[in-house]
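Colleague: I have a model open here and would like to go through a few local features with you. Could we start with how you use the word "buried"?

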Amino acid sequence: MLAGVTLSLALIGSIGFNQIADAKSSNHYTNPKKAKNVIVFVGDGMGASHREAIRLATKGLTGDLSMNKMPYVGNVHTSSTSVVTDSAAAATAMASGVKTYNGAIGVNPDKKPVKTVLEMADKAGKSTGLVTTSQITDATPAAFGAHVEDRSKQSDIAKQYLENSKVDVLLGGGEDFWYPAGNPGKFQDNPAKDVKEQSKGTQGNLVAEAKHMGYKYVTDKDGLMKTKNDKILGLFANEEMFEQRPEGEGDLYNPVVSLPDMTKKAIDTLSQNKRGFFLMVEEEGTDEMSHENNGKLLIKAGQQLDKSVEAAKKFAQKHPETLVLVVADHECGGLSIEEVNGSDESGDGISKEDGPFTVAHSNDQFTLDWTTSGHGGVSVPLTAMGPGADQLAGTYENTNIFKVIKKAMK
């Protein structure tokens with residue numbers, strides 16, 4: 001775990017402080033005082049070592065990721081009311097500024113609802129959106145748009161999206177929680193890739209309710225790209241938009257609609273609102289593949305996240321009143337990066353080295369070494385640009401992210 005902490009500090013040193021100085025001295029960098037738009041990227045489980053592995057495999061020794069090439073860098077403490085957080089508590093901290101228990105969605109330790117920045121944006125007349133490669137009702141997006149005592153209540157979360165927080169754009173997986181048992185939707189029950197997946201909704205036919213409320217329901221890329229509706233519900237898988245398993249055991253990362261495509265469509269749709277928008281985009285594969293110690297698909301998922309960040313940055317460059325930030329809810333896997341050699345000092349099983357992987361544009365290689373299949377308690381890096389981004393430099397608790405976004409949106 002020490003390696004993860006060390007690399008986190010190294011990341012801040014290498015991409016952060018120099019770029020902060022450059023940004024402040026540049027005549028070309030403008031930073032409006034108010035954020036009309038906010039785009040939050042969450043690489044679930046993506047610690048500093050994950051970002052470095054993705055960088056090496058994608059850009060090489062001297063290149064850098066789009067998510068790293070941002071002018072402000074923070075070091076974020078991730079604990080919940082426990083030392084090691086889960087995604088629900090971590091996302092609640094970022095969305096509502098409250099430390100809570102693991103498994104909590106949008107509620108404090110006393111199980112009382114706490115208002116989210118997405119709900120505040122909606123009240124201010126902004127459009128809102130949630131995008132993920134996980135179930136759209138999974139922990140991270142849920143914490144921005146729902147309030148339940150237990151993250152497993154995914155049909156309750158879906159119903160709250162429609163009736164309470166009224167999220168305009170919802171794109172991800174998890175169709176099973178929108179249809180009642182015995183009523184499969186676009187994606188068949190018990191598919192060969194995972195026979196356990198089947199409709200299991202507890203709140204009736206929520207897709208029908210969404211259509212009645214004016215949402216355009218889409219289930220593939222063509223349908224998503226063609227719609228001009230300002231309210232979109234896109235469900236592209238029974239559960240997650242990938243199959244998380246150890247390498248070579250049925251693992252698959254090939255979403256029906258890519259995260260970059262979902263991100264671009266969400267931005268295009270939400271930005272039609274002259275008052276601005278709030279959007280949260282999550283890559284879940286970085287976490288789920290880390291749980292499986294699957295370095296190959298961790299890197300692939302991270303590459304898709306970086307392409308999504310690049311799309312958002314292009315929008316922000318044309319619309320400088322946009323705050324963009326990239327962060328993780330927590331680290332997963334206790335990951336470190338090591339040289340390739342003939343011996344594996346960490347042993348077999350969960351500690352077995354993973355790889356080797358090729359450093360892009362070179363003949364060099366590296367290995368990944370996992371220490372756990374669970375979450376870690378180390379800090380994670382954050383990078384940001386736009387109005388309010390300077391307030392995200394330094395070291396702080398994850399609840400500070402909520403405070404900065406709220407202040408930036410006024």
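Modeller: A residue counts as buried when its relative accessible area is under 20%, as exposed when that area is over 50%, and as partly exposed in between. Please keep in mind that this is a predicted model.

Colleague: Fine. How many residues of helix 9 are buried, then?

Modeller: Ten of the twelve residues in helix 9 are buried, so by that cut-off the helix is mostly covered. The buried residues are L259, P260, D261, M262, T263, K265, A266, I267, T269 and L270.

Colleague: And what span does helix 9 reach from its first C-alpha to its last?

Modeller: Helix 9, which runs over residues 259-270, reaches 16 Å, close to the 16 Å expected at 1.5 Å a residue.

Colleague: Which residue caps its N-terminal end?

Modeller: That is S258, which places a side-chain oxygen 3.1 Å from the backbone nitrogen of D261, and D261 itself is among the buried residues of the helix.

Colleague: Changing topic, which residues does the cis peptide bond join?

Modeller: The cis bond joins G355 and P356, with omega at about 5 degrees, and P356 lies in strand 11, residues 353-358.

Colleague: What about K166, where is it and what is its phi?

Modeller: K166 sits in the loop between helix 6 (154-165) and strand 4 (169-173), and its phi is positive, near 55 degrees, although the residue is not glycine. Its relative accessible area is 40%, so K166 is classed as partly exposed.

Colleague: And K410, buried or exposed?

Modeller: K410 counts as exposed because its relative accessibility is 66%. K410 is in the segment after helix 12 (399-409), and it has a positive phi of about 60 degrees without being a glycine.

Definitions and conventions. Residues numbered from 1 in each chain as written. Predicted model: local features only at pLDDT ≥ 70, side-chain atom pairs only at ≥ 80, totals over all residues. Heavy atoms only, no water. Helix = DSSP H or I, 4+ residues; strand = E, 2+ residues; numbered from the N terminus. Expected span 1.5 Å × (residues − 1). Buried < 20%, exposed > 50% of the residue type's maximum accessible area, 1.4 Å probe, protein only. Polar contact = N/O pair within 3.5 Å; in protein donor to acceptor, adjacent residues only side chain to side chain.
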